[in-house]
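Good morning, colleagues. Please take a moment to look at the model on the screen before I go through the strands and their contacts.

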Amino acid sequence: PRQPFYATRRYIGRTNVLETTFTTPTGELSLTDLMPVATESEKGRELFPDHEILRKLDCREGSVEIEDP
């Protein structure tokens, strides 16, 4: 967020999915990050990047201006 914020983090259940919640004076954002994991047999059949992070950003409440990385 462009404005001051308070952030909390948690893993969702027993997964490698990390949820970061940003709370600002004008709203709340949820950022969900995960790094997909392939099985050994999938690695032999398909090409996957070594490290890939998938991200999802949701505005849960109000309005929050964000910086483009």
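In which strand is Ser30 found? Ser30 belongs to strand E3, residues 27–34; helices (H or I, at least four residues) and strands (E, at least two) are DSSP runs, numbered from the N terminus.

Before continuing, a word on the basis of the values. This is a predicted model, in which local features need pLDDT of at least 70 and side-chain atom pairs count only at pLDDT 80 or more, while totals for chains, interfaces and linings use all residues. Residues are numbered from 1 along each chain as its sequence is written, and side-chain values use heavy atoms, with hydrogens and water left out.

Let me stay with Ser30. Is this residue buried or exposed? Ser30 is buried, because its relative accessible area is 2%; buried means under 20% relative accessible area, exposed over 50%, and partly exposed in between, with a 1.4 Å probe and protein chains only. Its side chain makes a polar contact with the side chain of Glu19, at 3.4 Å. A polar contact is a pair of N or O atoms within 3.5 Å; within protein, one must be able to donate a hydrogen and the other to accept it, and residues adjacent in sequence count only if both atoms are side-chain atoms. Not counting residues up to four places away in sequence, Ser30 touches Glu19, Thr20, Lys56, Leu57, Asp58 and Arg60, where contact means heavy atoms within 4.5 Å.

What of strand E3 as a whole? Six of its eight residues are buried, so E3 is largely enclosed by the rest of the structure. Six bridges join E2 to E3, and these strands run antiparallel; two strands pair if DSSP finds at least two bridges between them. Thr20 has Leu31 as its bridge partner in E3, and the hairpin formed by E2 and E3 has three residues between the strands. On to E4: eight bridges join E3 to E4, again an antiparallel arrangement, with Leu34 opposite Leu54 in E4.

Two residues of E4 deserve attention. Leu57 is found in this strand, residues 54–62, and is partly exposed, with a relative accessible area of 40%. Leu57 and Ser30 are 27 residues apart in sequence, yet their C-alpha atoms are 5.7 Å apart in space. Gly62 is also found in E4 and counts as exposed, at 59% relative accessibility. Leaving aside neighbours within four places in sequence, Gly62 is in contact with Thr26 and Gly27.

I turn now to strand E1, residues 6–11. Of its six residues, the number buried is zero, so E1 lies largely in the open. Six bridges join E1 to E2, residues 18–23, and the two run antiparallel; Arg9 has Thr20 as its bridge partner in E2. E1 and E2 form a hairpin with six residues between them, and Gly13 in the turn has a positive phi of about 55°.

Finally, the aromatic rings. How many aromatic pairs does a search of the whole structure find? The search finds one. The rings of Phe5 and Phe22 have centres 5.1 Å apart and planes at 85°, so the pair is edge-to-face. Rings of Phe, Tyr and Trp (its six-membered ring) pair if their centres lie within 6.5 Å; planes under 30 degrees apart count as stacked, over 60 as edge-to-face and the rest as tilted. Phe5 is partly exposed at 44% relative accessibility, whereas Phe22 is buried at 12%.
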